[in-house]
Amino acid sequence: MGKRTITVHHVRAVLRGAERAGVDTVPLLQAAQIPPLLLGDDRARVTSVQFARLFRALYRTTQDEFLGLSATPSRPGTFAMMCYAALGCPDLGRAMERGTAFYGLFDGGPKLSLTHTPTEAVLTVHNGLDADEDRFLAECVVIIWHRLCSWLTGSRIPLHWAEFAYPPPPHEAEYGSLFGCPVRFGAARTAAAFDARWLSAPLVQDEASLDTLLRRAPFDLLTRREYDTTVAEQVRRSLAQALRASPRLPSLTVTAARLAVSPATLRRRLERENTSFQQLKDAVRRDAAIAGLAEGREPIAELAARLGFSEDTSFHRAFRRWTGTTPGAYRVRAAGHGETPSAAPSAAPPGTPSGTPTPPAPAAPGANPRQ
């Protein structure tokens with residue numbers, strides 16, 4: 001419970017390359033236990049487990065670390081070799097410089113640069129990877145590099161900001177929690193910034209730990225949360241932990257006390273991050289509901305009660321509001337769509353979206369979860 005769900009926009013995006021290559025993606029979706037019909041509903045979401053299965057199926061099918069999304073494929077093992085090359089550096093700044101230089105050797109790959117002032121370091125993606133109409137790869141490059149840097153240093157590196165050189169997509173609300181920082185679209189470049197002091201941080205990983213990471217990549221990197229770098233992330237983590245123990249989620253006052261702030265301060269900080277306490281409660285319940293329906297056999301009435309709904313009808317109304325379908329219909333669609341794929345290959349691509357933070361869902365009219 002409490003695991004993130006992933007917007008259907010990202011599912012569609014990760015399939016584009018295979019679709020352009022003429023691959024029948026229905027069997028891939030079925031192998032991932034993702035109902036193909038879900039792709040037609042903009043409100044639909046899948047679990048991180050389902051998305052991981054889909055990625056692995058695509059990786060095996062395309063034999064491309066970019067999953068066919070770039071005009072030029074990236075051969076399996078490229079990302080791993082970049083990581084080994086960077087690992088020999090004494091600090092993060094030189095590791096990033098070596099890594100960006102490594103990818104500069106390949107035509108069609110991400111063209112990256114690292115620049116910095118005394119206070120701020122900026123990683124810039126200079127090419128748009130134009131074959132990728134969803135800008136999926138460019139976003140993933142930013143995500144994977146940022147989280148790889150945190151892993152290399154064993155530290156929590158918060159981003160100052162992220163910006164993208166294209167108009168906001170329909171799922172714009174996802175991005176604040178995805179990157180854990182203010183996000184701007186329509187910028188002159190695609191880039192992200194963090195405190196320049198991290199460039200001198202020593203690397204704490206070795207080849208043994210890298211081997212372990214690569215065996216679980218990319219999801220070991222991509223599902224690592226942003227270490228509570230936003231207030232919304234701290235609140236959401238607290239609520240998800242509470243929901244594991246009781247269907248009655250704590251109030252804003254109780255949650256504020258746990259975070260050592262006043263209720264008014266917590267409310268203001270969440271407003272600055274374009275969310276609210278009620279939206280975060282709805283998002284935690286929504287993701288737990290989707291995970292329970294997709295991955296378990298728990299009766300729907302019991303699931304509703306476990307998530308704090310006093311009546312089945314309230315749960316059905318809320319779930320339809322969140323996803324556009326009913327709990328029963330979602331479970332029927334998600335059931336029996338193929339065998340579980342084998343383990344992921346050891347070489348990871350330079351980025352895919354994770355089981356990432358999801359935008360808070362609005363409260364469902366008529367819903368009556370116990371507070």
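Q: What pLDDT does the chain average, and how many of the residues score at least 70?
A: This is a predicted model. The chain averages a pLDDT of 82, and 84% of the residues score at least 70.

Q: Where does pLDDT stay under 50?
A: That happens over residues 337-371. For this stretch the model has 142 contacts beyond four places in sequence.

Q: Turning to the sheet, how many strands form it, and in what order?
A: Five strands form an open sheet, and the order is β3-β4-β7-β5-β6. The pairing is mixed.

Q: Which are the edge strands?
A: The edge strands are β3, residues 112-116, and β6, residues 183-185. Each of these pairs on one side only.

Q: What does the twist average from one strand to the next?
A: The average is 15°.

Q: Do β3 and β4 pair in the parallel or the antiparallel sense, and over how many bridges?
A: β3 and β4 are antiparallel, with five bridges between them. Leu-112 stands opposite Val-125 in β4.

Q: What joins β3 to β4?
A: A hairpin does, passing through three residues.

Q: And how many bridges join β5 to β6?
A: Strand β5, residues 159-164, is joined to β6 by three bridges, and these two strands run parallel. Within this pair, Ala-162 stands opposite Val-183 in β6.

Q: Which strands does helix α5 touch where it packs on the sheet?
A: Helix α5, residues 92-103, touches β3, β4 (120-125) and β7 (190-195). The direction of α5 makes about 150° with that of β3.

Q: What about helix α6: which strands does it lie across?
A: Helix α6, residues 136-153, lies across β3, β4, β5 and β7. Relative to β4, helix α6 runs at about 145°.

Q: Changing topic, how many cavities of 30 Å³ or more are there?
A: The count comes to four. The largest cavity has a volume of about 70 Å³.

Q: Which residues line the largest cavity?
A: The lining consists of Met-96, Leu-123, Val-142, Trp-145, His-146, Cys-149, Ile-157, Leu-159, Ala-192 and Phe-194.

Q: Where does the largest share of that lining come from?
A: Helix α6 gives the largest share, with four residues. Both α6 and β7 supply at least two residues each.

Q: What is the lining of the largest cavity like by class?
A: There are nine nonpolar residues and one polar residue in that lining, and no charged ones.

Q: Moving on to α10 and α12, at what angle do they pack?
A: Helix α10, residues 231-245, and helix α12, residues 263-272, pack at an angle of about 115°. Their axes are 9 Å apart.

Q: Which residues meet there?
A: Val-231, Ala-232 and Val-235 of α10 meet Leu-266, Arg-269 and Leu-270 of α12. By class, this contact of α10 with α12 has five nonpolar residues, one charged residue and no polar ones.

Terms used
Residues are numbered from 1 along each chain as its sequence is written. This is a predicted model: local features need pLDDT of at least 70, side-chain atom pairs count only at pLDDT 80 or more; totals for chains, interfaces and linings use all residues. Side-chain values use heavy atoms; hydrogens and water are left out. Two strands pair if DSSP finds at least two bridges between them. Axes are lines fitted to C-alpha atoms, for helices over the stretch in contact, and angles run from 0 to 180 degrees between N-to-C directions. Contact means heavy atoms within 4.5 Å. On a 1 Å grid over the protein atoms alone, a cavity is a set of points where a 1.4 Å probe fits but cannot get out, and a pocket is an open set with protein on both sides within 12 Å along at least five of seven lines; lining residues have an atom within 4 Å of a point. Grid points are joined across faces, edges and corners, and a volume is the space filled by probe spheres set on the points. Ala, Val, Leu, Ile, Met, Phe, Trp, Tyr, Cys and Pro count as nonpolar, Asp, Glu, Lys and Arg as charged, and the others, Gly among them, as polar. pLDDT is the predictor's confidence in each residue, from 0 to 100.
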